[in-house]
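User: Got a model to go through with you. Can we start with the core?
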Amino acid sequence: MFFDFVGNSLGERTKTAPKCIIHSRQPTEMIKPSVPKRDGDVNVYNLSESTIYEPVIHYVNGIRVPGIDHAMIASLLSLLTERPITGIYNKTNGALVDLGQCVLDYLQNATARLSSHQNQDRAAIPESQIPGLLQRTMDNSIVWNTATAKLFQSLVINRHRKQMIVAHSQGNLITANALFVLEDMLGARILRNIRVYSLASPAPAWPLGIRRTNGGGGRQENAFMNDLVMLLRPHNFAAKVGVSRFQNEGDFRTHPGGGVVGIAAHDTKLNMALNFLKSIRGDLGLSKDLPDDFLEQCANKAAEAFADLDVE
C-alpha cells in the first residue's frame with residue numbers, strides 16, 4: 001500500500017469522520033492564496049494550515065484554466081488532503097493555442113515510451129552531477145510547455161522525498177512527459193518515490209518505471225467513460241468499445257448527465273468525487289469515512305478564501 005510507502009511518521013489513521021476546517025482563522029482573516037499569472041508559475045497552497053510537508057503533493061491543471069481556477073482547485077486539494085499543495089500552473093493562452101500545445105504534448109507523450117524500456121536498469125548518476133544535468137536539461141528542452149519544465153524541475157529538486165502528483169486533463173500529458181524525462185535522466189529507480197493520481201487523463205503513455213510491478217509508486221486513474229477527452233487514451237477507448245483488459249487500475253464510471261460522449265463529465269471536481277478522494281486520503285493515512293457533503297464543504301471553504309480577491 002502507498003500508506004506504507006509514505007511511512008508511519010504520518011501517524012495512525014483518523015478514527016472519526018472528518019469535517020472540512022480551516023483551523024485557526026475566520027474567513028475574513030485568512031491569508032489570500034496566490035493567483036498564478038505566468039505559464040509554469042509555482043505556488044504553495046495551504047488552507048489546511050498543515051505542517052506536514054511530506055509527501056510533496058503537486059497539482060497540475062488541464063486545458064483552458066484561468067489562474068484563479070487553478071488556485072482555487074489547489075486550495076481545495078489542500079483542504080481535502082489536509083496537506084500543503086504545490087501548484088504548477090498550465091496557463092491558458094486561448095482555445096487555438098491551447099489545442100496546439102495539447103497536440104504537441106500528446107505527440108511527445110506517444111513517442112516517449114520507446115526509450116522507457118532502456119531506463120529500467122540504468123545505473124544511478126552521481127549526486128554531484130545532477131545539478132548540472134538538471135540545468136542543461138532545462139536549457140535544452142524541446143517541445144515542452146513551461147509547466148512541464150517546472151514540474152520536472154520540482155521533481156528533481158525533491159527527488160529524495162516522497163512525492164504525489166494530482167493531474168487533470170492536459171495536466172496528465174504534462175506529468176507523463178516530465179516523468180519520461182526524469183526517467184531518462186535518472187533511471188527508473190527515481191520513480192519509486194512518486195505516485196500519480198490521474199483525473200480524466202488523455203495521456204496515451206506513461207513511463208514503465210511508474211508501475212508498481214516495476215517498483216514504482218504507481219498510478220491511479222479516475223474518469224468517466226462518457227468523457228470525450230479521456231477516450232483519447234487508447235486504453236480507455238478500447239474499454240469503451242468492449243476490450244477492457246488494457247485499462248489501468250482506477251475508477252471508471254458513466255456520468256448520468258454526460259450523454260453518450262461529451263465534455264460534461266470532464267469537470268475537475270466531478271472527477272475528484274470518484275474514488276480519487278478516498279484513495280489519496282487512504283494513501284496519506286487519513287480517514288476515508290467521509291460525510292456525504294465533505295467535498296462540498298471543502299469547496300465552499302476554498303471559495304471563501306477567494307472572496308473579494310482582486311484578480312487582473
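Analyst: Terms first. A nonpolar core is a set of buried Ala, Val, Leu, Ile, Met, Phe, Trp, Tyr and Cys residues joined through side-chain atoms within 4.5 Å. Buried means under 20% relative accessible area, exposed over 50%, partly exposed in between (1.4 Å probe, protein chains only). This is a predicted model: local features need pLDDT of at least 70, side-chain atom pairs pLDDT 80 or more, while totals for chains, interfaces and linings use all residues. Numbering runs from 1 along each chain as its sequence is written, and side-chain values use heavy atoms, without hydrogens or water.

User: Which residues have the most contacts inside the largest nonpolar core?
Analyst: Leu76, Leu77, Leu80, Val166, Met272 and Phe276, in a core of 30 residues.

User: Which element gives the most to it?
Analyst: α2, with seven residues. Helices (H or I, at least four residues) and strands (E, at least two) are DSSP runs, numbered from the N terminus.

User: What is valine 166 in contact with, beyond four places in sequence?
Analyst: Its partners include Ile57, Leu77, Tyr197, Phe276 and Ile280. Contact means heavy atoms within 4.5 Å.

User: Switching to helices. What is the angle between α5 and α6?
Analyst: About 50°, with the axes 9 Å apart. Axes are lines fitted to C-alpha atoms over the stretch in contact, and angles run from 0 to 180 degrees between N-to-C directions.

User: And which residues meet there?
Analyst: Among them, Leu151, Phe152 and Leu155 in α5, and Ile174, Ala178 and Leu182 in α6.
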